[in-house]
Amino acid sequence: RFEIVYQPVTLGTQNSTFNQNNVVITKQGQNISISADTIDIKDVKVYDIQGRLIIEQNDINLTKTKLVVSATNQVLIVKVILKNNSMVTKKVIN
């Protein structure tokens, strides 16, 4: 004799935990490129080191975006808010 045991399995979905390293910010000339692996970017704000808002982009709804920054020779703070309400803040030397 044997027993059949049924265990429901959901295929193709895994709960991945968010990691701040999934958001990559690179600087190329006057462009700042932001890539957020698989989560859409909601808003991006760029501040100078004194806390003044330089650039703001809202309702992006894409996993990648580019910003043009005219400020030079500064340390910038890039704040990225994702659709899942996670927030990532990184420094960029401009």
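Strands, like helices, are taken here as DSSP runs numbered from the N terminus, a strand (E) having at least two residues and a helix (H or I) at least four. The model is predicted, with local features requiring pLDDT of at least 70 and side-chain atom pairs counted only at pLDDT 80 or more, while totals for chains, interfaces and linings use all residues. Residues are numbered from 1 along each chain as its sequence is written, and side-chain values use heavy atoms, with hydrogens and water left out.

View 1. T65 belongs to strand 5, which covers residues 64-68. Because its relative accessibility is 13%, T65 counts as buried (under 20% relative accessible area, with exposed over 50% and partly exposed in between, for a 1.4 Å probe and protein chains only). The side chains of T65 and Q57 are joined by a polar contact of 3.1 Å, the term denoting a pair of N or O atoms within 3.5 Å, of which, within protein, one must be able to donate a hydrogen and the other to accept it, residues adjacent in sequence counting only if both atoms are side-chain atoms. With neighbours within four places in sequence left aside, T65 is in contact (heavy atoms within 4.5 Å) with I32, S33, I34, I41, V44, Q57 and I60.

**View 2. The largest nonpolar core.** This core has 19 residues, among which V23, I25, I34, I41, V44, V78 and V80 touch the most other members; a nonpolar core is a set of buried Ala, Val, Leu, Ile, Met, Phe, Trp, Tyr and Cys residues joined through side-chain atoms within 4.5 Å. At least two residues of the core come from each of strand 1 (23-28), strand 2 (31-36), strand 3 (41-48), strand 6 (75-82) and strand 7 (87-93), and strand 6 provides the largest share, four residues. Beyond four places in sequence, V44 touches residues including I34, I55, I60, L67 and V78.

View 3. The strands are arranged in the order 4-3-6-7 with antiparallel pairing, where two strands pair if DSSP finds at least two bridges between them. Strand 4 (53-57) and strand 7 stand at the edges, and each has a single partner strand, so one side of each lacks a neighbour in the sheet. Strand 6 and strand 7 pair in the antiparallel sense over seven bridges, and I77 has K91 of strand 7 as its bridge partner.

**View 4. The three-stranded open sheet.** Here the order is 1-2-5, again with antiparallel pairing. Strand 1 runs antiparallel to strand 2 and is joined to it by six bridges, with T26 standing opposite S33 in strand 2.
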